[in-house]
Amino acid sequence: MEMDQPMAIRENYQEEIESREESKKNGSLLLAGGMADGMVATQERTSSSPEQVSDDYPTSSTQTPAGGGVSGGARDRGCGGAYPRMLMVQQTSLEQPRETWDKKMDFLLSVIGYAVDLGNVWRFPYICYQNGGGAFLLPYLLMAVFGGVPLFYMELALGQFHRSGCISVWRHICPIFKGIGFAICVIALYISFYYNTIMAWALYYLLSSFRSTLPWITCSNSWNTPSCTPYSHTNVNQSWYNTSTSPSEEFFIRYVLQVHRSPGLHHLGAVSWQLALCLLVIFIVVYFSIWKGVKTSGKVVWVTATFPYLVLLVLLVRGVTLPGAWKGVAFYLKPDWQKLLTTTIWIDAAAQIFFSLGPGFGVLLALSSYNPFHNNCYRDALVTSSVNCLTSFLSGFVIFSVLGYMAEMRQQGVEAVAKNAGPSLLFITYAEAIGNMPASTFFAIIFFLMIIMLGLDSTFAGLEGVITAILDEFPHVLVKRREWFVLGLVCVCYLGALSTLTYGGAYVVKLFEEYATGPAVIAVVLLEVIAVSWFYGMPRFCSDLHMMLGFSPGWFWRVCWVAICPTFLMFIIGSFLAFPPEVKLFNYLYPPWTTAIGYCIGVSSLICVPAYMVYYLLSTPGTLKQRLLKSITPEPGSERAHRSTIIANAV
C-alpha cells in the first residue's frame, strides 16, 4: 500500500460522497474501499473512465454487449494479478428488495419436489419395462448427461443471475424472444387444468380408504358388473378370464370417474360434484401454500417433499417381502439388449428425462431467481437432478415388487398384470395390490397421501413460475396485491379444470397430456437454448457464470448448450411428428378430429412467440436493420436484475 498519498484525494472523495447524498434524498450509491489504494482506484475510475458512475446504476453492473457483467478490462484484471483489490458496490433504491429463500434447503426441497412428481412413480417404471428393462437405463443415462442436466443447469443459472421470471428475463438476454415467456405461462395454465385433477382422484381414494374393508376389493357394490372378479390374499383359487374385470378397475372407471356415462369427447356429460369438491380442497391447500411467496411455500415443502420418500421406503420394504415380489423386480431389471437397436427406446428415454427434470416450464427460472447471487447453482443442478433420477429408479422397485405379487396371486405373467399405464397403474393395479395386503387400510392411506403430496409440490412450483413471471413483468401494479392476484389465478385454474371433472373428463386429461404440453414445451425449450447459446452468446453467458460462481463452465457444458442440447430437442420433436402417438384410453380410441383439436391447443401457446416478434418489430422505432439489431441486444440498463445486492468484484 502506498502510504504517501496526498490528503486531497481523500478530501475530494469525501466531498463527492456528500454531494451525492444531497442530490439523492431517497436513494444513494455508496462506494467504499477497505484500503487506501481501493479508494484511489475508485477515484481514478470515476475521473478517467468514459463510463461514469451514474446516479442510477453502478458501473460494475453495466453489461456491455460483449461482456458478462463487467467491462472486459476489469474482468481481465480481476482474473490475473497476485494481489487483487476489492471494490464494494452497493445500491439502495426505492424498489422493494426481492424476496429470498429463508434457508438453502427451502430452495433445494422446492426444486426436488418440482422435479420428483407423479411421472416418476408411474411413467418411469412403465417406460423402463416396456423398453427392455435394464437396457433402458443406458439411453436414459446418456440422455440425462448430454441433454437433461445441461438444460437444467442453464435454467437455474439464468434465473439466479438475472433474478427474473420467464417473461422479464428476456429483456436481459434477447428481447425479441420475450414471447417464449408468455408461451410458458399459457402452457403452465394448461397443465394446471388437468394435473390437479389427478390429485383430486387421489383425494377421493384417500377419503374412501378410511374404512376397514376398502371398497375397491369387493364386487358387491352398486357400481360392479357381472364381469367383476374379486381377488384376495385368502382366496387365490379364483379363476381369471380374459373378460374378467377387477373390482379396483370398476371402482376407478365406473365409480370415481364414471366414464361409462360418457360416450366420448363429443359428449362429456355433467360435472361430478364429488370430484369438484375434492379439487376445491386441493386448490385451497395450494392457495394458502403459495399466497405469501417462497417464504410460505419454502416451509410447506419440508413436509410435501420429504414425506413421499418416507412412504416409498415403507412401501419398498413391504413390497419386497411379498410372495412373488422378486419375480416383478427381475422383470423390471432384466435387460433386453435388442431394444437398443430400435428408435423407440431412444425416443422414450429422451422424452422421459426431459419431462422428469422439467426445464422449459419457467419453474426453475422462478425458483432460482430468489437465490443469493453467489449461490452455487452448478452444485444444486447436479444434486437435484441426481436425486430425481435415483427416485425414478427407486420407484421402479416399489411398483414392480407389487406387480410381481399381483402376478403370483393371479397366476399370470408380470407382463399381463403390468398392462396398465399412466394413472391407471396407480389407481387400478397398485390400489388392488394394496387392498389385498394385510393392514391394507394403513398402506392405502399413506400411499394416496404420497400421491397427493407429489402432485402438490409440482403444482406449487408450476404456479409460482407463472406468478413470478407476471409479478416481475408488472411489479408496480401487482407486487403489493400478490394475494389477490394468486387468488384470481387459482380461480382461473379451477374453472379451467371443470371440463376434466365431467363424466368424460378422463378423456380430456389424456388429450391435454398428449398434445397441449409435451410438443409445445419441447419447442419452447429449443427456442430458449438457441436464444441463449446463439443470440445472447456463449462467451457472454459463460462470463456471467464466472462472475456469479467464480468459475466458468467447461467445454463439456458449452458443447452441450451450443450443439448437443438443440440436437437432443430436435430429435424429440422430429420423432413426435414422424410417429404421432395413437391416443387410446379405456378402450376408447380417439377419433381423428380430436387430433386436430390437440394440435390446435398446442399451437395456441406457441403462437405467442411469433406474435410477440411481430409486435416488437412493429412497435420499435428506427429502420428495419436498427430494429433487428435492437431486438437481439439486451436492453440498456436492464441486464442486471440483482442490483439491490452487494457485489464484490476483483478489479
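Predicted model: local features only at pLDDT ≥ 70, side-chain atom pairs only at ≥ 80, totals over all residues.
Phe283 has its place in helix H9, where helices (H or I, at least four residues) and strands (E, at least two) are DSSP runs numbered from the N terminus. Residues are numbered from 1 along each chain as its sequence is written, and side-chain values use heavy atoms, with hydrogens and water left out.

Back to Phe283: this residue is buried, at a relative accessible area of 2%. Buried here means under 20% relative accessible area, with exposed being over 50% and partly exposed in between (1.4 Å probe, protein chains only). Leaving aside residues up to four places away in sequence, Phe283 touches Ser192, Asn196, Val490, Cys493 and Tyr494; contact means heavy atoms within 4.5 Å. Of the 651 residues, 56% are buried. Among contacts with a separation of 6 or more, 83% are between residues 24 or more positions apart. The accessible surface is about 27200 Å², and carbon and sulfur atoms hold 65% of that; these areas come from the Shrake-Rupley method with a 1.4 Å probe, and for residues only the protein chains shown count as cover.

Next come the helix pairs. Two packed helices are described by the angle between their axes and the distance between the axes. Axes are lines fitted to C-alpha atoms, for helices over the stretch in contact, and angles run from 0 to 180 degrees between N-to-C directions. For H9 (residues 273–290) and H20, the axes come within 10 Å and cross at roughly 155°. That makes H9 roughly antiparallel to H20, given that angles under 35 degrees count as roughly parallel, over 145 as roughly antiparallel, 65 to 115 as roughly perpendicular and the rest as oblique. The H9 and H20 crossing is right-handed; a crossing gets that label if the near helix is turned clockwise from the far one by less than a right angle, and is left-handed if anticlockwise. On the H9 side, the contact is made by Ala276, Leu279, Leu280, Phe283, Tyr287 and Ile290, and on the H20 side by Arg482, Glu483, Val486, Leu487, Val490, Cys493 and Tyr494.

H20 (residues 482–496) also pairs up with H18 (residues 440–473): their axes come within 11 Å and cross at roughly 130°. H18 is therefore oblique to H20. The crossing of H18 and H20 is right-handed. From H18, Leu463, Glu464, Val466, Ile467, Ile470 and Leu471 meet Arg482, Phe485, Val486, Leu489 and Cys493 of H20.

The axes of H7 and H21 (residues 505–549) come within 10 Å, crossing at roughly 150°. This pair is therefore roughly antiparallel. H7 goes past H21 in a left-handed crossing. H7 puts Ile180, Ala183, Ile184, Ile187, Tyr190, Ile191, Phe193, Tyr194, Thr197 and Trp201 into the contact, while H21 brings Ala506, Val509, Phe512, Glu513, Ala516, Thr517, Ala520, Val521, Val524, Leu527 and Glu528.

Glu528 sits in helix H21 and is buried, with a relative accessible area of 3%. Not counting residues up to four places away in sequence, Glu528 touches Glu155, Leu158, Trp170, Ile180, Ile184 and Gly360.

Gln352, in helix H13 (residues 343–357), is buried as well, at a relative accessible area of 2%. The Gln352 side chain makes a polar contact of 3.0 Å with the side chain of Arg123. A polar contact is a pair of N or O atoms within 3.5 Å; within protein, one must be able to donate a hydrogen and the other to accept it, and residues adjacent in sequence count only if both atoms are side-chain atoms. With residues up to four places away in sequence set aside, Gln352 touches Gly119, Arg123, Phe124, Ile127 and Tyr140.

Most residues other than glycine have a negative phi, and most peptide bonds are trans. Arg163, which is not a glycine, has a positive phi near 50°. Arg163 lies in the loop between H6 (137–162) and H7 (179–208), and is buried at a relative accessible area of 4%. Gln258, also not a glycine, has a positive phi of about 55°. The loop between H8 (247–257) and H9 holds Gln258, and this residue is buried, with a relative accessible area of 11%.
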